[in-house]
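Hello,

Here is the structure we spoke of handing over. My notes on it follow below.

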Amino acid sequence: MLKTIAAILLLVLSLSLHGCTVGVSGLKSYVDTADGYEFLYPNGWVPIKVTDGPDVVFRDLIEPTENVSVVINPVPENTTLTDLGTPGKVGYQLQKNVLSAANSNRQVELVDAKARDTGDKTYYLLEYSVKLPSQNRHDLATAVISHDKLYTLNASTTEERWDKVQDLFTQVVSSFNVY
C-alpha cells in the first residue's frame, strides 16, 4: 500500500513539474533581462535575426506571415504613457506616424484601444486592421513606458487567419511585461 501511495505521489509531482515548464496553452516564455521585458509566444515559432528595427522577432514556421516583435524607442525623461495621451490618441498617432507612414503603401485603421494597469505600469492595448497592396492583415499591439523607453509588442497575422488566432494573439499581447 505504501509503495502505491509513493508511486502516485511521484507521478503527480512529475506531472505538475512538467506542467510548469510547458507554459500557458502551448505558449513559451521569452525573457530579455538586458532590456527588461518578457512575453509568451506560441510553440513552434522561431526567432528571426534582424539587424535594424525590432529588438526581437518570432515567426511561425508553418504560417510564416504570422509574427510577433518588440520595438524599443527612447522617450523624454520621466514621460509616462498617459503623458502621451489616451489609448485612442496614442493608437491613432502610432497608426498615422509609424504604421501608415508616407510611402508605406499601407492603409491602417485603429479598430480598438484600451488601457490596463499592472502594478505601477499602464499598458495600452491596440488593435489594427491593415490593408497592404497584396493582402489584408490584423495586428494586436501593446505599448508601455519604462526607464524612459517606449516598448511596443506587436503580433500580426493575415485577416483570413484572424478568427483562428485571435485568442492566442490576445494571450501573447496580454502577457507582455516590462520591469
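Predicted model: local features only at pLDDT ≥ 70, side-chain atom pairs only at ≥ 80, totals over all residues.

On to the next strand. β8 also pairs with strand β9 (residues 149–158), again in the antiparallel sense, over 10 bridges. Within this pairing, Ala-141 has Asn-154 of β9 as its bridge partner. β8 and β9 form a hairpin too, with 2 residues between them, and His-147 in that turn has a positive phi of about 50°.

Strand β8 (residues 136–146) is largely enclosed by the rest of the structure, because 10 of its 11 residues are buried, where buried means under 20% relative accessible area.

There is also an open sheet of 3 strands, in the order β1-β2-β10, with antiparallel pairing. β1 (27–32) and β10 (177–178) are at its edges and have a single partner strand each, so one side of each lacks a neighbour in the sheet. Between β1 and strand β2 (residues 37–42), which run antiparallel, there are 6 bridges. Ser-29 stands opposite Leu-40 in β2. Helix α4 (residues 162–175) packs on this sheet and touches β1, β2 and β10. The direction of α4 makes about 165° with that of β2.

Regards

How values were computed:
Residues numbered from 1 in each chain as written. Heavy atoms only, no water. Buried < 20%, exposed > 50% of the residue type's maximum accessible area, 1.4 Å probe, protein only. Helix = DSSP H or I, 4+ residues; strand = E, 2+ residues; numbered from the N terminus. Pairing = 2+ DSSP bridges. Contact = heavy atoms within 4.5 Å. Axes fitted to C-alpha atoms, helices over the stretch in contact; angles between N-to-C directions.
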